[in-house]
Amino acid sequence: MDRLSLRQFIVITFLIGLAMKMFNLPVLMLRFCGRDAFVVLLIEAAADFILLGAVIAIIVCARGKTLFMLLEDAFGAIVSRIITIAVGLFWLLKLFIMLVDVRIFFSNTVFNAPLGAVHVLPLIVLLVYFALKPLSGAGRLGELFTPAVVISMALLGALTVSKVDFGGLRPLLADGSKPVTDGLSSLFMWFGDFTLLLMATGKADGGKKLFFALPAGIAAFACMTLFSAVLFASYGDMPELLSYGHSISNITQYAVGSFKFGRFDLLIFAMWLSAVFVSSGIIAAFFARCMNYVFGGKVGRVMLVAGGAAVYIATMFTVNLNTVTELAMVYFNIPAAVVQYGLPVLCVVALTVTRIKRRKHEINEKAPQ
Amino acid sequence: MKLTRKRRNSLLSAAFAVVFVMLALTPLLPEAEISTRLMLNVVGIDTADGTVRVTAQTMNGTSSETVHGEGLRIGDALEDIAVRYGREPELGHCGLLVFGYEVTADDTEFALMGLLGDAIVNAGCSVVCADGTAEEFVNSAVGLTSAAGDSIADFAGFADTSAAVSVPSALEVLQHLKSKSATAILPVFELAAKKGESGEGSSQNSGTDSTGVQQDGGSDKTEILPPRRAKVLGRETFEPDEQAVLGWMWISGRAEGGLVETRADLDGKEYIIQGSATDKSRGIKVRAEDGRVKAELKLEVRIKFIDRYIIIERAEGENVLRYLAEDLQNAFSATFKSQLEAFAALSPRSDVLGIGTLLYRESPRAYADWGGDMEKVDYTFDVKVTVF
């Protein structure tokens, strides 16, 4: 059944809020913005919280219409297909960036040598398969993984937080607001993930109770902010010490004494990584539905497989992973901002247009002949 | 034969279970990766004439020995070890970094940046300073602790929980060196040759007897002493005196205090009163005022005094006992205050209290106006002791 229950919607909101931000983002922010990365993170969290509220409101007000039906009713078949293709291609790009982040993490933290493209192939195959399945599959996986993710984060937090001097977060804005504005304008690719939930428009049960997903989003951001603050406070004076991919694993190693007891922090990370799998699966699923809407049934599935192949080929030719990350901050941030923050705005416009059209139709029907 | 959905799902689940079990059992395979590595548990670092010399303890099961390497930087020295011994050094389980006594703040910072930057060692591994060269320390200590079946790192970890001078982690040392104060303090571990019996308890603030005693050929014994000395790495590199070290112990976040003593005048007679520090809370507040920096050091300690009944016996009645407690509190307060003052007096040489860092966090502008002149810092001490 291609629907999400209320509980599934809430857990997926939580997982999406965490997933892409756990790898490179804290280190990226620290190296780019210094300690003011904390300010950037808070502002982005607030923006994403508003985004989440808007997305849920769209889903509630859509009254059973899917995202594509909404766009088509408002803007017509051709415009809606153009919009959908652009959105679909963006999600494919985001999936590629996410897989680069995963490769960097495993290359720098887990393995001794850089992870080759072939290591990612099983994951891409699995994501393509996942994208063909109904939404309820993602929901069910989310329900299964979320307890493990929550336990792992609580454990890491309990072991880590007490050892950190949070005074190291200060001083904030020591160099004015420039680091903050630079950070805000460059990191769109790693935020705005709640727009993915628009895929559940017309397919989520619960009605207004869907707003219960807001605390889930807050919880996800609270975890992210806490762990990032640990990193910012500890490495605020020496951001050059960190490489992409070290991220939170540096702090957790330090805190849990892994040199004494072994790398059980990696076991905890493995549970946390399940959030990444669900999130990337939803990105793949969104792409698949976009292609299905634009091209229809069989061709849509072919486009999905072609998309997966394109991601893999791009991965094969990606030698310098750090360069991709930097490109995402320079060249891909505008498309990221436009799609992730613009699509909900477009949906609100579509809802308004649809409502106006419906009102006009009702008035015309009631008007005496 | 067409598979039903249920059957297909069962087969898929079984396939996943088989793959998972196979992956989970891979640790039972021959230890190919581990056997090609040289597991280094303790690394000693000396610098001389622009060269970094590494002496490391490697353990395989219960046997323990030392390996050596040299290079221009720490990374080069580790590569030298790989070339000499034909195995790549693995520092993931390194629990202790020992710097030689002559190593400077810059050398320490450089070495730690090299080790932590590439995540070669865990950021939580302990960092200490040897009384002589790190090479001498590691060579002697290896034989010493391997007799007990431990690594030197285990001993350092034990000492940290009970000694006066706390053992910082690599990350903490680097944080202090890279901060505005640019000063870190390392405990000094020394080896001492002792004749006769081992296990003598030390007097003030040791909290533990020495351990790790090895019997050499004759009656001489060598032991690793729990650290009671410290080395300051900052603008100047020096060793503070005992009173200043005790002052550092009170103001540092990690050490608890252990055994303390003071001299108290009771009814015209001087007594040496010993106690055990049970709770400690401390803090430093800084603020800029009229171009100067006001630093307030605060310390609250609860002391449980030992030999309490001997003292009580000398008191007559409850009233005298109350005044007695007051006298003891005043005596301990005065002692701790003088120790804090001795530590603060080191500030003109290196910013041991972290005044610069605290002021910068409070107000970067005030920090810039202050300019880092430690002579422009005024200290006040608020010491409160409760004796029970």
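## Chain A on its own

What share of the 369 residues of chain A count as buried? The figure is 57%. Keep in mind that this is a predicted model.

Chain A is built with 15 helices and zero strands. Its radius of gyration is 21 Å, close to the 21 Å that the globule rule gives for 369 residues, so chain A is as compact as a globular protein of that length. As for contacts in chain A between residues at least 6 apart in sequence, 89% of them join residues at least 24 apart.

## Where the two chains meet

Now for the interface. On the chain B side, 24 residues are in contact with 23 residues of chain A. Together the chains bury about 2000 Å², and carbon and sulfur atoms give 57% of that area. Three residues stand out: B:Asn122, B:Leu171 and B:Arg361 supply 30% of the area that chain B buries against chain A, more than any other three residues.

The interface also has four residue pairs in polar contact, both residues being at pLDDT 80 or more. Helices H4 (105-117), H7 (170-178) and H11 (355-362) of chain B each bring at least two residues to the side that touches chain A. The largest share, five residues, comes from H7(B). Sorted by class, that side of chain B has ten nonpolar, nine polar and five charged residues.

## Salt bridges across the interface

Side chains of opposite charge can pair when their charged atoms come close. Between chain B and chain A the count is three salt bridges. One of them pairs B:Glu362 with A:Arg170, with the closest N and O atoms 3.5 Å apart. B:Glu362 sits in helix H11 of chain B, while A:Arg170 is in the loop between helix H7 (135-160) and helix H8 (178-186) of chain A, so the pair joins two chains. Both ends are partly exposed: B:Glu362 has a relative accessible area of 48%, and A:Arg170 has 36%.

Another links B:Lys178 and A:Glu240 at 3.2 Å, N to O. This pair runs from helix H7 of chain B to the loop between helix H9 (213-235) and helix H10 (247-256) of chain A. B:Lys178 is partly exposed at 22% relative accessible area, and A:Glu240 is partly exposed too, at 44%.

## Salt bridges within chain B

Over all chains, the structure holds 27 salt bridges. Inside chain B, B:Asp76 pairs with B:Arg73, their closest N and O atoms being 3.6 Å apart. B:Asp76 is partly exposed at 24% relative accessibility, as is B:Arg73 at 47%. Elsewhere, salt bridges with shared partners tie B:Asp131, B:Glu190, B:Arg229 and B:Glu239 into one network.

Methods:
Residues are numbered from 1 along each chain as its sequence is written. Chains are lettered from A and ligands numbered from 1 in the order in which they are written. This is a predicted model: local features need pLDDT of at least 70, side-chain atom pairs count only at pLDDT 80 or more; totals for chains, interfaces and linings use all residues. Side-chain values use heavy atoms; hydrogens and water are left out. Contact means heavy atoms within 4.5 Å. Buried area is the accessible area (1.4 Å probe) that two parts lose on being put together, summed over both. A salt bridge is a side-chain nitrogen of Lys or Arg within 4 Å of a carboxyl oxygen of Asp or Glu. A polar contact is a pair of N or O atoms within 3.5 Å; within protein, one must be able to donate a hydrogen and the other to accept it, and residues adjacent in sequence count only if both atoms are side-chain atoms. Helices (H or I, at least four residues) and strands (E, at least two) are DSSP runs, numbered from the N terminus. Ala, Val, Leu, Ile, Met, Phe, Trp, Tyr, Cys and Pro count as nonpolar, Asp, Glu, Lys and Arg as charged, and the others, Gly among them, as polar. The radius of gyration is taken over C-alpha atoms; the globule rule is 2.2 Å times the number of residues to the power 0.38. Buried means under 20% relative accessible area, exposed over 50%, partly exposed in between (1.4 Å probe, protein chains only).
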